[in-house]
Amino acid sequence: MRLWIKDPIAILAEGAERGLVVEDGVIVELVGSGRDPMLPVDQTFDASRHVITPGLVNTHHHFFQTLTRAHPEAINKELFPWLQALYPIWAKNVTPETFRLGTRLALTELMMSGCTAASDHHYLFPQGLESALDIQAEEADRVGIRMTMTRGSMNLSRKDGGLPPDTVVQDEDTILADCERVLNRYHDTSRGSMLQVALAPCAPFTVTKRLMRESVSLAEKYDCRLHTHLGETLDEDDYCLEKFSCRPVDYLEDCGWLNERVWLAHGIHFNDDEVRRLGHACVGVCHCPTSNMVLASGQCRTKELEAAGSPVGLGVDGSASNDNSNLIEGVRHALMINRLTYDAASVTHLDAFRWATEGSARCLGRDDIGALRIGKMADVAFYALDELRFSGAGDPIAALVLCGAHIADRVMVGGEWRVVDGTPTTIDIARLRHEHGEAAKRFLESL
Ligand code: ZN
């Protein structure tokens, strides 16, 4: 079936003024101004109410944290004390049931904001949650969104001088065996893949050096990506200097992680030499503007990293430091925070959109999503400009960022409608709100 998405108000694509033609989940034609599609179509969707962008791609999140948003123990703290406050609460209350609801809610919320592909960094494995990635695979399928699950890990805890409690870490052999299990079971590298797996030690300092190195070997064996947190706070620099007598990027290099399979979350506190080395190695960086502002972490050097050769993507980060999962809001925040670093002409709404789409897709190692071009998957976000906040707006694409779009009217993933009239087609959101809200109560009751 050939579907013509016809005559949008504006579209973030070259030569597609009259829209797109989609067939079998793939974009097969861009319809330029002054003409109709080259071949007859079976169906037409009137997009004259919509501004169209590529589906957004989220490259850093911790889905389980939707259960501890605006948590009274954690608000108004910076990263390390914030983590120390939340770890015991998570350790006690993240169960397969609460984790499933947290995952479902994060995926649904992301998708409603215009996201068509999402990555989650799951590193918390208390006893009983060994099936975390199996749960995420089921939920991504249920919601109907593309996903890169990451098999996170921690094997250093408080008894080793680390931050997490002993109950949420696993030993090296257990972690490596489960990495292979989930790679074998879920990692689909085919074009148009709906589900992939990456390996993601929580941070280089929460695992042993052997685990960092073994993760690289497995990534080469299974052709998957590698992910971790790096350069989020100055506390981390101090910790690394004290423990390892080097800076975080030096330690990363020592672990064999300066290579193009890697994308890092945050990447704020890099010096000029480190930016050059990361760019030269094509290491991706996921910029998390909202979280960086909430935790007062700092500002990512997005433009220097891109100029050096690093793909720069965008992420909402976990919902305990955002405290939502809205990536189109993240695009607006990215523009705003970058304007504190660069002048107005040097960073524009188009940069922020590029990070949230093509840049994020590159971080995930995907060339089949992240842009509206012939041959790419039909992952598309549709925003209406009906709300008061858009009235009077001139440039429709800029308006999404400057006036503050916060919900997609429609979302298409691989040619399938997943959001219609602002409502997911796959999930009952009233029921989800109730069930998730009830599950989250126990995270407060344990205080
Ligand atoms: Zn994170």
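The model is predicted: local features need pLDDT of at least 70, side-chain atom pairs count only at pLDDT 80 or more, and totals for chains, interfaces and linings use all residues. Residues are numbered from 1 along each chain as its sequence is written, and side-chain values use heavy atoms, with hydrogens and water left out.

**Stop 1: the zinc ion.** Select the ion, then His 60 (NE2), His 62 (NE2), His 229 (NE2) and Asp 317 (OD). These are its protein donors, 2.1 to 2.6 Å away. Donors here are N, O and S atoms within 2.8 Å of the metal (3.2 Å for Na, K and Ca); water is not among the atoms, so sites may look incomplete. Angles among the four donor atoms run from 86 to 172°, and the site is irregular. Four donors count as tetrahedral if all angles lie between 85 and 135 degrees; four count as square planar and six as octahedral if opposite donors are over 155 degrees apart and all others between 65 and 115; anything else is irregular.

**Stop 2: the donors in sequence.** Their spacing reads H-x1-H-x166-H-x87-D. His 60 is buried at 0% relative accessible area. Asp 317 is buried too, at 4%. Buried means under 20% relative accessible area (1.4 Å probe, protein chains only).

**Stop 3: strand β6.** Select residues 50-54. Five of the five are buried, so β6 is largely enclosed by the rest of the structure. Strands are DSSP runs (E, at least two residues), numbered from the N terminus.

**Stop 4: the partners.** Two strands pair if DSSP finds at least two bridges between them. Strand β2 (residues 10-11) pairs with β6 in the parallel sense over two bridges. Ala 10 stands opposite Val 51. Now select β15 (residues 380-384): the pairing with β6 is antiparallel, over five bridges. Phe 382 is the bridge partner of Ile 52.

Methods:
Buried means under 20% relative accessible area, exposed over 50%, partly exposed in between (1.4 Å probe, protein chains only). Helices (H or I, at least four residues) and strands (E, at least two) are DSSP runs, numbered from the N terminus.
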